[in-house]
Amino acid sequence: MGGGPIEWSGSDSNIKVASEWAKRNHFKKKLYSALQDYVLTGDGYLGVSVLTRKAFFEMYSSLRKRFPISSPEEFFEKLFKKSPTITYPRELFVLKTTTISISYDKHGRIKYYVQKVDGISQPIKFSPDEVIHLSLNNLGHDIYGYSPNW
């Protein structure tokens, strides 16, 4: 599965954090899986587990009932002081291309990604911030990629 290690640049501490994160998340394996879909179908998708704006405000709404927090900004500031990496991606996961469709507006801006998986009745929605979309050979203004292999 590929040659040598992934090369990082930046400060030693940032390189250490990125390398540990990549190892913990099996980044190379997941990236190669997404790239295989990308080459074969024209699209590859990686889901990103992050603290989204929606999740942050849901957390704020439930906690403000129990704690004296005056504003979302104050809450985020306290949360960020305790855990400065809170906004960093926690995990990556491969989203199989054949299970993904994209909902977009009349201008071609992506509203959300939808995953429909056999055996699960409810489709899963992802915000654009939660998906890394690798798109090959976009023809015109198409949001989906194109592969000559497909």
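Predicted model: local features only at pLDDT ≥ 70, side-chain atom pairs only at ≥ 80, totals over all residues.
**View 1. Helix H2 and its buried side.** Helix H2, which comprises residues 27–41, contains 15 residues and reaches 21 Å from its first C-alpha to its last, a span close to the 21 Å expected at 1.5 Å a residue. Its buried residues are Phe27, Lys30, Ala34, Asp37 and Thr41. Because these residues cover an arc of only 100° around the axis, they are placed on the same side of H2. Lys29 and Gln36, by contrast, are exposed on the other side of the helix. The buried residues of H2 pack against helix H1 and against the strands S1, S2 and S6.

View 2. Three strands, taken in the order S2-S1-S6, form an open sheet in which the pairing is antiparallel. Strand S2 (91–95) and strand S6 (131–135) stand at the edges with a single partner strand each, so that one side of each is left without a neighbour in the sheet. From one strand to the next, the twist averages 25°. Helix H2 packs on this sheet and touches S1, S2 and S6, and the direction of the helix makes about 150° with that of S1.

**View 3. The pairing of S1 with S2.** Strand S1, spanning residues 43–49, is joined to S2 by five bridges, and the two strands run antiparallel. Within this pairing, Leu46 has Val94 of S2 as its bridge partner.

View 4. Helix H1 (residues 12–24) has 13 residues, and the distance from its first C-alpha to its last is 18 Å, close to the 18 Å expected at 1.5 Å a residue. The loop between H1 and H2 includes Asn25 and His26. Asn25 counts as buried, because its relative accessibility is 4%, which falls under the 20% limit for a buried residue. When its neighbours within four places in sequence are left aside, Asn25 is in contact with Lys30, Arg90, Glu91 and Leu92. Among these contacts, Lys30 is also one of the buried residues of H2. His26, on the other hand, counts as exposed at 52% relative accessibility. His26 has a positive phi of about 50° although it is not a glycine, and this residue comes just after H1.

**View 5. The two faces of helix H4.** In helix H4, which comprises residues 72–82, the buried residues are Pro72, Phe75 and Leu79. Seen down the axis of H4, these residues fall within an arc of 65°, so they line one face of the helix. The exposed residues Glu73 and Lys81 are carried by the face of H4 that is turned away from its buried side.

**View 6. The open sheet S3-S4-S5.** A further set of three strands forms an open sheet, in the order S3-S4-S5 and with antiparallel pairing. Strand S3 (100–104) and strand S5 (124–126) are the edge strands of this sheet, each pairing on one side only. With direction ignored, neighbouring strands of this sheet are turned by 30° against each other on average. Strand S4, made up of residues 110–115, is joined to S5 by three bridges, and these two strands run antiparallel. The bridge partner of Gln115 in S5 is Ile124.

**View 7. The salt bridge between Asp105 and Arg109.** A search of the whole structure finds one salt bridge, in which the side chains of Asp105 and Arg109 meet with a nitrogen-to-oxygen distance of 3.4 Å. Asp105 counts as partly exposed, with a relative accessibility of 23%. Arg109 has a relative accessible area of 52% and is exposed, because the limit for an exposed residue is set at over 50%.

Key
Residues numbered from 1 in each chain as written. Heavy atoms only, no water. Salt bridge = Lys/Arg side-chain N within 4 Å of Asp/Glu carboxyl O. Buried < 20%, exposed > 50% of the residue type's maximum accessible area, 1.4 Å probe, protein only. Helix = DSSP H or I, 4+ residues; strand = E, 2+ residues; numbered from the N terminus. Expected span 1.5 Å × (residues − 1). Arc of directions from axis to C-beta. Pairing = 2+ DSSP bridges. Axes fitted to C-alpha atoms, helices over the stretch in contact; angles between N-to-C directions. Contact = heavy atoms within 4.5 Å.
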